[in-house]
Amino acid sequence: MRLSNRIESVEESGTVKFTPLIQKLKQEGREIISFAVGEPEYDTPAPVIEATKHALDAQKTKYGPVSGIPELRAALAKQFYGYDADNIIISNGSKHSLYSLFQVLCDPGDEVIISKPCWTSFPQQVKLAGGVPVLIETINNQLDCEGIEKAITPKTKAILLNSPNNPTGAVYPKEDMERIARLSSRYDLYIVSDEAYDIFVYDGIDYKSFFAFEDVRDRAIITKSFSKTYSMTGFRIGYIAASKAIVNAVAKCQGHATGNVCSFAQYGALAALSLDERILSQWRAELERKREIAYAYISKLFDCIKPQGAFYLFPNVSKYLKDGKTSEDFAADLLERAGVAVVPGETFGTPNHIRISYAVPEDILKKGLEKIAEVL
Ligand SMILES: Cc1ncc(COP(=O)(O)O)c(C=O)c1O
């Protein structure tokens, strides 16, 4: 008996690799500081919790429409000029949105161009859909547009963008997005733009969603999430904004995979859309300050490009890798000796690096950074 080649070709998520070691150290009474988790430290805002409880009290506990409750789809469509509720589909987190999308886009052997380092699930999801991830190195964490164009073949179906980026925190400039938009028309490609971190952009940058490029709107598939934006990671709510043809195709896939997204959680999400903007501005400002703190420490220890978004640093740790050590060994060492958990670069397709999340309380951030500096 054997499992499918498809599942055998997929790598396990690297972000959980150190969980057993963390548990062991904790059992030994060690204090472990985690810079490994990709979620904001904030409590889910009270109005979201209230609306969810209210939905439970009102028995919003049954099967619902596969594509999401109409109120939420309509409210989300307002962000996208010219779109209506039928251009939006709600999924179980944007991870699920992306999974379904690749199922819908890829025939066996179809290629999806992904710039690396990249979020661990992108290439694996493409493989699970029978597609082939084509990984192109970034240059100083920015898109290598020429490299991307050279990688286009008759099998290329889509180019994936992720700005602000996990794990580098890079935000792509408008000019590069325009170049990618032109490529999508010239070579007849879809652009999947993962904008899960779009509210976490710093330095007053004028961030552009790929939706802004009107000429290629029919090719743009935007995925977004409530997880990071509203500190609702456990609600599992994400969505796709795209042409109706794409949304209907994803609905067909989702209809057989999961059915609707948790009914009462969607009412919580609806309430999140009416939150006082000042809450999000405050989170952004706090994270921007923590980026400064983290960057000041980390850039003294490692080569590190200053990120302009998300909540990660992705320093190059090569100078500490003696005798064939990998960044995975380095991360394990840091955990054992400093009691600080980080994610090794291998997880994102880029060895010799580690990912540090600074979305933790400021005192913990400073303490963890000091511990790293001490053991190095
Ligand atoms: C770049 C990126 N996209 C998508 C996701 C998935 O988020 P969720 O499924 O919680 O919406 C993550 C989560 O870490 C991410 O970093």
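This report walks through a sheet, a helix pair, a ligand shell and one glutamate in a predicted model.

## The sheet

Let's start with the strands. Seven of them make up an open sheet, and reading across it the order is β2-β8-β7-β6-β5-β3-β4, with mixed pairing. The two edge positions go to β2 (88–91) and β4 (132–137); each has a single partner strand, so one side of each has no neighbour in the sheet. Going from one strand to the next, the twist averages 25 degrees.

Zoom in on one pairing: β3 (residues 111–116) sits with β5 (residues 156–162) in the parallel sense, and the two share four bridges.

Helix α4 (residues 70–77) lies across β2 and β8 (238–241), and α4 runs at about 120 degrees to β2.

## Two helices side by side

Now for α11 (residues 277–301) and α13 (residues 362–375). Their axes come within 10 Å and cross at roughly 0 degrees. Angles under 35 degrees count as roughly parallel, so that is the label for α11 and α13.

Which residues do the meeting? From α11 you get Lys290, Ile293, Ala294, Tyr297 and Leu301, while α13 brings Glu362, Leu365, Lys366, Leu369, Ile372 and Ala373. Sorted by type, the residues of this contact come out as eight nonpolar, three charged and no polar.

## Around the ligand

What surrounds the ligand? The shell has 13 residues, and the closest are Gly93, Ser94, Lys95, Ser225 and Ser227. Helix α5 (residues 93–105) is the element that gives the most to this shell, with three residues.

By type, the ligand shell holds nine polar residues, two charged and two nonpolar.

## A closer look at Glu288

Back on helix α11, you'll find Glu288. Is Glu288 buried, exposed or partly exposed? Glu288 has 17 C-beta neighbours inside 10 Å, so this residue counts as partly exposed. For the buried label, a residue would need 20 or more, and for the exposed one 12 or fewer.

Where does Glu288 lie relative to Glu71? Their C-alpha atoms are separated by 33 Å, and the two glutamates are 217 residues apart along the chain.

Key: Residues are numbered from 1 along each chain as its sequence is written. This is a predicted model: local features need pLDDT of at least 70, side-chain atom pairs count only at pLDDT 80 or more; totals for chains, interfaces and linings use all residues. Axes are lines fitted to C-alpha atoms, for helices over the stretch in contact, and angles run from 0 to 180 degrees between N-to-C directions. Angles under 35 degrees count as roughly parallel, over 145 as roughly antiparallel, 65 to 115 as roughly perpendicular and the rest as oblique. Two residues are in contact if their C-beta atoms, placed from the backbone, lie within 7 Å. Ala, Val, Leu, Ile, Met, Phe, Trp, Tyr, Cys and Pro count as nonpolar, Asp, Glu, Lys and Arg as charged, and the others, Gly among them, as polar. A residue is near a molecule or strand if its C-beta atom, placed from the backbone, lies within 6 Å of it. Two strands pair if DSSP finds at least two bridges between them.
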